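Visitor: I would like to learn how to read a model with several chains. Where do we start?

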Amino acid sequence: MIINFNQIFLENPTRQILRDVSLSLTESRIGVIGANGSGKSTLVRLINGLVSPTAGSVVVNGLDVSQNLKLVRQLVGFVFQNPDNQIVFPVVSEDLDFGLKPRLPNANDRHFRIKETLARLGIEKLYERAVHELSGGEKQLVALAAVLSLEPEILILDEPTTQLDLRYRNRLMHIVSRLKQPVIFVTHDLDLLQDFDRVLVVDQGQIVHDGSPRQALDWYVVHMSQPMGQGA
Amino acid sequence: MNTYKLSLLNRLRHICRLGLRRTLRQVLQSMPAGFKLLGLIFFSTAFILLHNIVWLSSVALVMVWVWLIVRTERMVSWQKMWPLALSFGVIFLYMAWVSGLQEGFVALFRLIALWAAAQTVMLTTSTTAMMQVVETVVTPFSKLCRANPARIALLFGLTIRLMPLMVQQWHEVREAQQARGVKVKAHNMLVPMLVRTLNRAQALTDAIDARQLGETVQPKIQTHSPSAHR
Amino acid sequence: MTTRTLVLSALFTALLCALAVVPPIPMPLVPVPLTLQTLLVMLAGLVVGPRAAGLAVLIYVVVAAIGFPVLPGARGGLGVLLGPTGGFLVGMIPGAMVVGWLATRAIEGKPWLHIARNTLAAVLGGIVVIYLVGVPWLAIVTGMPFAKAINVVVVFLPGDFIKAVVAAFLAQRVNRFLV
């Protein structure tokens with residue numbers, strides 16, 4: 001994987017969200033950390049084109065996002081924070097099936113892929129369940145399964161554990177650690193990123209630190225314990 | 001001897017009725033849904049144009065009889081029916097007062113006939129069959145509006161998915177209002193409901209776009225990516 | 001149809017359906033569905049625009065026609081739609097679109113102007129259009145003379161006007177929240 005951010009600026013009428021961001025992401029496990037409103041969620045949404053930069057470009061595996069939106073979205077899977085706002089059909093199998101229809105025209109192929117993906121995440125028994133009866137953790141795993149069933153080459157997760165209890169948070173992190181695809185993980189909880197290759201710290205629209213998880217922790221302790229406006 | 005004959009007669013009657021019930025139900029259920037709905041539209045128009053009270057009352061009686069036969073529940077649940085009966089009664093009284101007794105009865109029998117016909121169609125048509133008809137009718141329109149059928153399917157699925165969520169949201173808003181000591185009234189509830197709903201809209205839009213649901217997708221390509229394996 | 005329109009439409013249809021279930025106020029007597037539903041239809045038009053609002057109400061009516069108990073008082077089915085109140089339900093479809101279309105006419109100036117425009121939109125779409133469909137439908141189905149049908153529904157006009165004003169104010173508050 002190579003994701004390049006080239007001098008990205010992003011502003012809306014009220015404020016500047018991202019300021020002069022240039023990055024080259026190649027590692028297998030990348031963490032993005034920052035406070036609420038820092039711009040971390042916006043940063044990763046540039047990768048699959050959910051937001052567009054005011055200036056600059058984002059290139060994913062050689063594809064310019066603004067020119068190849070459909071292709072890029074095929075290779076980038078995105079899991080969001082709220083489990084309820086990702087599953088769109090009332091029954092688990094229906095949701096996964098609908099997403100797979102364009103890729104796998106044969107119903108049997110889809111059935112097989114869905115069962116296999118659910119089993120991989122340990123939720124095969126949820127196949128026929130009604131979504132609104134599931135717990136938050138179960139829903140999030142279903143959302144992850146729906147994305148993984150499309151076999152993305154890159155996976156982005158935006159605060160996927162924030163609304164989960166401890167048990168499901170650990171389960172999700174365990175699943176993430178075993179994924180073959182490169183993963184970009186956004187969170188405000190440094191603990192979750194201990195085994196990651198690289199951690200980007202975002203503050204007020206800029207990358208203020210870029211290094212190993214250990215370095216990020218040290219940086220955080222020094223800089224983020226001060227009130228806003230002071231320090232870095 | 002007499003009692004034996006009587007019970008035989010009763011048994012025969014029972015079998016005939018059962019047979020009639022079953023046959024009628026089967027006939028109606030096996031009719032294609034589109035046919036039944038068209039028939040309903042035709043009959044509704046006919047009822048409305050009909051003015052002869054003898055004809056109307058007979059038709060109404062027939063429809064009610066058919067409806068009663070087709071029902072699976074034995075008893076007519078008065079608890080469920082009384083609001084309907086009441087509203088029909090009110091209309092009858094109003095019409096009688098305004099245009100005379102005959103017109104009152106005309107209106108009443110019309111309403112009864114219409115309602116019983118519609119109920120019969122509903123009872124003999126499965127939801128799936130109904131949805132098929134909806135799909136068939138909507139598809140040519142969707143082509144006009146440049147919306148592909150997959151998006152329509154997504155729309156229906158999403159709507160059903162969201163129903164329990166909206167009920168849950170209502171309860172959440174009510175609890176939040178109560179916690180704040182605000183009296184729970186419709187106008188206090190609506191603004192928070194709407195704000196939460198509109199925020200949810202953005203999240204759902206992103207999730208749907210990210211997975212490209214309902215879109216026509218190009219054949220999957222494998223990009224040249226040196227992925228680092230763990 | 002953009003994803004956003006689709007999502008907004010589904011959300012508002014679901015809201016309309018949910019509201020039929022939550023407050024248990026059956027209105028059996030009145031031949032007009034005088035309810036939270038019409039208020040929400042006006043709000044839908046004011047807040048999400050004509051396409052999403054019209055589509056939302058259309059699907060709502062279709063869902064009710066199929067038989068789900070989503071009409072006020074947990075009723076449903078073709079019987080209600082073909083009956084005397086059917087026109088007031090079907091009329092909500094063009095009504096919502098008219099409200100939405102009028103509400104998107106841009107207005108510069110003070111907030112009270114926006115509220116006035118919203119009220120006008122809610123009245124024209126949420127009352128005039130709906131009654132234009134509902135009253136003839138009522139007259140035809142029951143055989144009432146037209147003038148008498150109007151007499152029946154005139155009782156509800158004051159309530160509906162209040163709803164239109166309330167909708168205009170609420171919509172203003174919602175829009176302020178989001179901007």
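**Reading strands, helices and contacts**

Guide: Start with one residue pair: A:Val60 stands opposite A:Leu63 in strand 5 of chain A. Keep in mind that this is a predicted model.

Visitor: Which strands does that pair belong to, and how do they run?

Guide: Strand 4 of chain A is joined to strand 5 (residues 63-64) of chain A by 2 bridges, and the two run antiparallel. They form a hairpin with 2 residues between the strands. In the turn, A:Asn61 has a positive phi of about 45 degrees.

Visitor: What else does strand 4 of chain A pair with?

Guide: Look back to strand 1 (residues 3-11) of chain A. It runs antiparallel to strand 4 (residues 55-60) of chain A, with 5 bridges between them. Here A:Phe9 stands opposite A:Ala55.

Visitor: How confident is the predictor about chain A?

Guide: The mean pLDDT of chain A is 91, and 96% of its residues reach 70 or more. Among the elements, strand 7 (residues 154-158) of chain A is highest at 97, while helix 7 (residues 213-223) of chain A is lowest at a mean of 86. Over residues 228-232 of chain A, pLDDT stays under 50, and the model has 4 contacts beyond four places in sequence for them.

Visitor: What is the make-up of chain C?

Guide: Chain C has 9 helices and 0 strands. Along the sequence its pattern is α-α-α-α-α-α-α-α-α. Of its 179 residues, 60% are buried. Among contacts in chain C with a separation of 6 or more, 76% are between residues 24 or more positions apart.

Visitor: How do I read a single helix there?

Guide: Helix 3 of chain C has 17 residues and reaches 24 Å from first C-alpha to last, close to the 24 Å expected at 1.5 Å a residue. C:Gly67 follows this helix, with a positive phi near 130 degrees. An α-helix has 3.6 residues a turn, so residues three or four places apart point the same way.

Visitor: Why is helix 3 of chain C described as largely enclosed by the rest of the structure?

Guide: Count buried residues. In helix 3 of chain C, 15 of the 17 residues are buried, so the helix is largely enclosed by the rest of the structure.

Visitor: How many residues do chains C and B bring to their contact?

Guide: Chain C gives 48 residues and chain B gives 54. On the side of chain C, helix 1 of chain C supplies the largest share, 14 residues. By class, that side has 35 nonpolar, 10 polar and 3 charged residues.

Visitor: And the contact between chains A and B?

Guide: Chain B gives 30 residues and chain A gives 38. Helix 8 of chain B gives the most to chain B's side, with 9 residues. By class, that side has 14 nonpolar, 9 polar and 7 charged residues.

Key
Residues are numbered from 1 along each chain as its sequence is written. Chains are lettered from A and ligands numbered from 1 in the order in which they are written. This is a predicted model: local features need pLDDT of at least 70, side-chain atom pairs count only at pLDDT 80 or more; totals for chains, interfaces and linings use all residues. Two residues are in contact if their C-beta atoms, placed from the backbone, lie within 7 Å. Helices (H or I, at least four residues) and strands (E, at least two) are DSSP runs, numbered from the N terminus. Ala, Val, Leu, Ile, Met, Phe, Trp, Tyr, Cys and Pro count as nonpolar, Asp, Glu, Lys and Arg as charged, and the others, Gly among them, as polar. A residue is buried if 20 or more other C-beta atoms lie within 10 Å of its own, exposed if 12 or fewer, and partly exposed in between; C-beta atoms are placed from the backbone. Two strands pair if DSSP finds at least two bridges between them. pLDDT is the predictor's confidence in each residue, from 0 to 100. The expected span of a helix is 1.5 Å times one less than its number of residues.
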